[in-house]
Amino acid sequence: MVARSRSMFLPVLAGALFLGACESSSGSLEPGEATLTVQLTDAPGDLKQAHVKVSRIILQGTQTGDSTAARQEFTVTSPEWINLLSLAGGKLQNLVSGAAVQPGTYTQLRLVVDGAYVVTSDNKVYATSGAALPAGVTSTGELKCPGCAQSGFKVVFPGGITVADSTSLLIDFDVNQSFGHEAGNSGKYVLKPVLIGTRRTGGTLPGTISGTVALAQGVTLPACGGQATLDLTRFVPTATSGTTLKTGTTAAGGAYTIGAVAPGSYTLGVDRVGFANGDSLSFAATATPASVTVASGAASTAAYSVTSATCKVKS
């Protein structure tokens, strides 16, 4: 059982970062083929850094009518460490750019992660076994990653994946739900990626939800997680649409952002925050309005009022 540290999600800014050229196993573009672009974004908590190294993208095919979309793999030719927490305010990381792909409907997309490591707020480093860490980075503990560098991790695409002409897919690597402290006193972290995909069609772009968080009159934040003083950076706003959950970040002054939000209607809420020592911080808050509609490439706004905050101390 994993006790997850639920305090992370990075909003997305207008901007792009490039991981490197990627190639399709099918070779150069042929007549009848489409092109595929895959980008990565994220969604902080008790972690200062959260790095992953992605090596491959796998598309699993299916048969639709007379058309069969076979399994296809795309290899990142120059894999490098990606700090997910740097993908803030709308930055996107290209994993595959304009690769040749067979048009069709695919059952799933899988992300193959060769290694990962995190840096905690007290500068401890937890890394997957055998990971070749960057110069100057030394592991002080283990980050378990069941499935790393094997069959890959499934990216959930509500409604499925249809590739035609020029298709762009956005993968949201939700740090909040993916990295957790292992239950018990092992001192280890666990990585079980929660990956949500969005297909961008035509000129469709992800939007944002932003606004302010304020404490209601008389409300104060309790000591929690071994820290005597907390601020509003511990407040984790959420936006829910069906089975899709998006989380955001809040600045010390109370400004929050939820980024990489696909167009649609969302109900606003707040997430619990977990600390490395096992404590958890819960908020009760009212959002005005309680739900928002996000248009393509647009920003929606709402304000939160925190009516209480409670720390559950691990016994």
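**Strand pairing and a pocket in a predicted model**

In this predicted model, pLDDT, the predictor's confidence in each residue from 0 to 100, stays under 50 over residues 1–27. For this stretch the model has 130 contacts beyond four places in sequence, a contact being heavy atoms within 4.5 Å. The mean pLDDT of the protein is 79. Of its residues, 78% reach 70 or more. Residues are numbered from 1 along each chain as its sequence is written, and side-chain values use heavy atoms, with hydrogens and water left out. Because the model is predicted, local features need pLDDT of at least 70 and side-chain atom pairs count only at pLDDT 80 or more, while totals for chains, interfaces and linings use all residues.

The protein has one helix and 29 strands. These are DSSP runs numbered from the N terminus (helices: H or I, at least four residues; strands: E, at least two). Of the 315 residues, 49% count as buried, that is, under 20% relative accessible area with a 1.4 Å probe and protein chains only. The protein exposes about 13,200 Å², by the Shrake-Rupley method with a 1.4 Å probe. Carbon and sulfur atoms supply 51% of that area.

Strand β27 (residues 280–288) pairs with β26 (residues 273–274) through two bridges, and the two run antiparallel. Pairing requires at least two DSSP bridges between the strands. V273 has L281 in β27 as its bridge partner. β26 and β27 form a hairpin with five residues between them. In the turn, G278 has a positive phi of about 100 degrees. β27 also runs antiparallel to β29 (residues 299–312), joined by nine bridges. Here A287 stands opposite Y304 in β29. The peptide bond from T288 to P289 is cis, with omega near 0 degrees. P289 lies in the loop between β27 and β28 (291–294). Most peptide bonds are trans.

The second largest pocket holds about 270 Å³ of space. A pocket is an open set of points on a 1 Å grid over the protein atoms alone, where a 1.4 Å probe fits, with protein on both sides within 12 Å along at least five of seven lines. Its lining numbers 20 residues, each with an atom within 4 Å of a point. Closest to the centre are P158, G197, T198, T244 and A262. Two or more lining residues come from each of β16 (166–173), β19 (195–200), β22 (244–247), β24 (255–261) and β25 (264–271). β19 gives the most, with four residues.

Note on methods
Buried < 20%, exposed > 50% of the residue type's maximum accessible area, 1.4 Å probe, protein only. Points joined across faces, edges and corners; volume = space filled by probe spheres on them.
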